[in-house]
Amino acid sequence: MSMELYFSPLACSLATRIALYEASADAGFIEVDNQSKRLRDGSDFYPINALGQVPVLRTDDGWLLKENTAILPYVADAYPESGLAPAAGTAARAKLQEWLGFISTELHKGVFVTLLDPEASAEVRSYTHQRVALRFGVLDRHFAEHEFLQDGFSVADAYLVTVLNWAQYSGIDLKAWPNVKKYYLKMAERPTVARALAEEMQLFAEEQVRRKQAKAS
Ligand SMILES: N[C@@H](CCC(=O)N[C@@H](CS)C(=O)NCC(=O)O)C(=O)O
């Protein structure tokens, strides 16, 4: 049985798609409508994740794994030849976890979730925008001297390019952090990332059409 990823177009689950492409994994992809919490066959997503959130990975042994910070290293370890994570138990692996934690809590949840939420008030938005400079400054200084988050492309880069892709929809102009911008543009050109982004842009557009049709009917 191959791995299956429950995903929503352009959501954070894109990071795992990128990792699976990097690993040339034989994986399946199951689309979740994050508004209706339904799969394309109409079935309910909540039994898969009681929080109604993607990503969820069904492993090749058939059990379900949630949380980006758990799924991404799991995929890397399942395909060690892909070099997507340093070996477990090393300092480099601990640093990978540090980056994953930073991306998940300080960027994904700490900044982007609020800025992407159409229901967030102007006050909340303005407060969140104040948190951006410190966090993006950390990244900008890192990318002034490094091509990737670690020695080579890792699952942390897959996650980072996924959240940086939301900047354009969040009122964050990457121009203020030129090294981050350069990194994002370079990562977006990487073949696995470019493929994942193009596929999910198309799926996102199709999802918008379906939602419009459902509203009109
Ligand atoms: N703690 C989870 C959060 C995942 C998450 O925020 N997923 C978003 C998409 S990027 C989602 O499914 N949101 C829909 C919802 O919360 O209803 C993780 O890090 O994996």
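From the N terminus on, the elements of this protein run β-α-β-β-β-β-α-α-α-α-α-α. That order comes from 7 helices and 5 strands. The model is predicted. The chain is divided into domain 1 (4-83) and domain 2 (91-192).

**Overall size**

- The C-alpha atoms fill a box of roughly 50 × 45 × 30 Å, taken along the principal axes.
- A compact globule with 217 residues would have a radius of gyration near 17 Å.
- The protein has 17 Å, so its value agrees with that of a compact globule.

**How the two domains meet**

- The C-alpha centres of domain 1 and domain 2 lie 21 Å apart.
- In the contact between them, 17 residues of domain 1 touch 17 residues of domain 2.
- The size of an interface is often given as the accessible area lost when the parts come together.
- For domain 1 and domain 2, the buried area is about 1400 Å².
- Carbon and sulfur atoms give 64% of that area.
- Three residues stand out on the domain 1 side: I18, E22 and T69 supply 31% of the area that domain 1 buries against domain 2. That is more than any other three residues supply.

- Which elements give two or more residues to the side of domain 1 that touches domain 2? They are α1 (14-22) and α2 (68-78).
- The residues on that side of domain 1 divide into 11 nonpolar, 4 polar and 2 charged.

**Salt bridges in the whole protein**

- The count for the protein comes to 14 salt bridges.
- One of the salt bridges joins the side chains of R17 and E200, with N and O 2.5 Å apart.

**Backbone features to look for**

- Most residues other than glycine have a negative phi, and most peptide bonds are trans.
- P55 sits in the loop between β3 (38-39) and β4 (56-58).
- Where is L10 found? L10 is in the loop between β1 (4-7) and α1.

Note on methods:
Residues are numbered from 1 along each chain as its sequence is written. This is a predicted model: local features need pLDDT of at least 70, side-chain atom pairs count only at pLDDT 80 or more; totals for chains, interfaces and linings use all residues. Side-chain values use heavy atoms; hydrogens and water are left out. Domain bounds come from an automatic or database domain assignment. Contact means heavy atoms within 4.5 Å. Buried area is the accessible area (1.4 Å probe) that two parts lose on being put together, summed over both. Helices (H or I, at least four residues) and strands (E, at least two) are DSSP runs, numbered from the N terminus. Ala, Val, Leu, Ile, Met, Phe, Trp, Tyr, Cys and Pro count as nonpolar, Asp, Glu, Lys and Arg as charged, and the others, Gly among them, as polar. The radius of gyration is taken over C-alpha atoms; the globule rule is 2.2 Å times the number of residues to the power 0.38. A salt bridge is a side-chain nitrogen of Lys or Arg within 4 Å of a carboxyl oxygen of Asp or Glu.
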